[in-house]
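This report describes one protein model for a reader who has not seen it before. Please keep the sequence and the structure in view while reading.

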Amino acid sequence: MSWIVETLNQTVDDELEALPADMRAMFARIVGLIESLGLENAGRPHVKRLEGPLWEIRMTGKAGISRAIYVTATGRRIVVVRVFIKKTQKTPRREIDLALERAKELLK
């Protein structure tokens, strides 16, 4: 059984669409790797554990770096709950808190 990557809702779709084209292309490439090779084989530098149930897909582009924070769900599903462009080295606490808040409905 292969992995499926999806977004939580239209808000996350809009966040993803707001990324520059090269970062969206990098996201699509990493998602393709996860879906074809499996999450366990994608590994660093593409994915990294953040905190608690949160993991991140790491994208780079001409405009800098961006992240797609996700949780794993039942049935080998990845659900992206937040997408944003990073402006600092460390992932801002507010981004982690927002992702945790959005993930609550999945983790019930």
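Which side chain meets that of Arg-82 in a salt bridge? The partner is Glu-95, with 2.6 Å from N to O. A salt bridge here is a side-chain nitrogen of Lys or Arg within 4 Å of a carboxyl oxygen of Asp or Glu.

The model is predicted, so local features need pLDDT of at least 70 and side-chain atom pairs count only at pLDDT 80 or more, while totals for chains, interfaces and linings use all residues. Residues are numbered from 1 along each chain as its sequence is written, and side-chain values use heavy atoms, with hydrogens and water left out.

## Overall build

The protein has four helices and five strands. Along the sequence they come in the order β-α-α-α-β-β-β-β-α. The radius of gyration is 13 Å, close to the 13 Å that the globule rule gives for 108 residues, so the protein is as compact as a globular protein of that length. Helices (H or I, at least four residues) and strands (E, at least two) are DSSP runs, numbered from the N terminus. The radius is taken over C-alpha atoms, and the globule rule is 2.2 Å times the number of residues to the power 0.38.

Taken along the principal axes, the C-alpha atoms fill a box of roughly 35 × 30 × 25 Å. Of the 108 residues, 40% count as buried. Buried means under 20% relative accessible area, exposed means over 50%, and partly exposed lies in between (1.4 Å probe, protein chains only). The accessible surface comes to about 6,100 Å², and 53% of that surface belongs to carbon and sulfur atoms. These areas come from the Shrake-Rupley method with a 1.4 Å probe; for residues, only the protein chains shown count as cover.

Among contacts between residues at least 6 apart in sequence, 52% join residues at least 24 apart. A contact means heavy atoms within 4.5 Å.

## Charges and salt bridges

Side chains of opposite charge can pair when their charged atoms come close. A search of the whole structure finds 10 salt bridges. The table gives three of them.

| Pair | N to O distance |
|---|---|
| Arg-77 and Glu-6 | 3.2 Å |
| Glu-51 and Arg-93 | 2.8 Å |
| Arg-82 and Glu-95 | 2.6 Å |

In the salt bridge between Arg-77 and Glu-6, Arg-77 lies in strand 5 (residues 77-86) and Glu-6 in strand 1 (residues 4-7), so the pair ties together parts that are 71 residues apart in sequence. Arg-77 is partly exposed at 25% relative accessible area, and Glu-6 is partly exposed at 30%.

Glu-51 forms a salt bridge with Arg-93. This pair links distant parts of the chain, with Glu-51 in strand 2 (residues 47-51) and Arg-93 in helix 4 (residues 93-107), 42 residues apart. Glu-51 is partly exposed at 29%, and Arg-93 is partly exposed at 43%.

Arg-82 and Glu-95 also meet in a salt bridge. Arg-82 lies in strand 5 and Glu-95 in helix 4, so the pair ties together parts that are 13 residues apart in sequence. Arg-82 counts as buried at 13% relative accessibility, and Glu-95 is buried at 8%. Salt bridges that share partners join Glu-15, Arg-82, Glu-95 and Arg-102 into one network.

Is Arg-102 buried or exposed? Arg-102 is buried, with a relative accessible area of 15%. Leaving out residues up to four places away in sequence, Arg-102 touches Leu-8, Thr-11, Val-12, Glu-15, Val-81 and Arg-82.

The C-alpha atoms of Arg-77 and Arg-44 are separated by 19 Å, and the two residues are 33 residues apart along the chain.

Arg-24 is found in helix 2 (residues 21-37) and counts as partly exposed at 29% relative accessibility. Not counting residues up to four places away in sequence, Arg-24 touches Leu-16, Glu-17 and Leu-19. The C-alpha atoms of Arg-24 and Arg-44, 20 residues apart along the chain, are separated by 18 Å.
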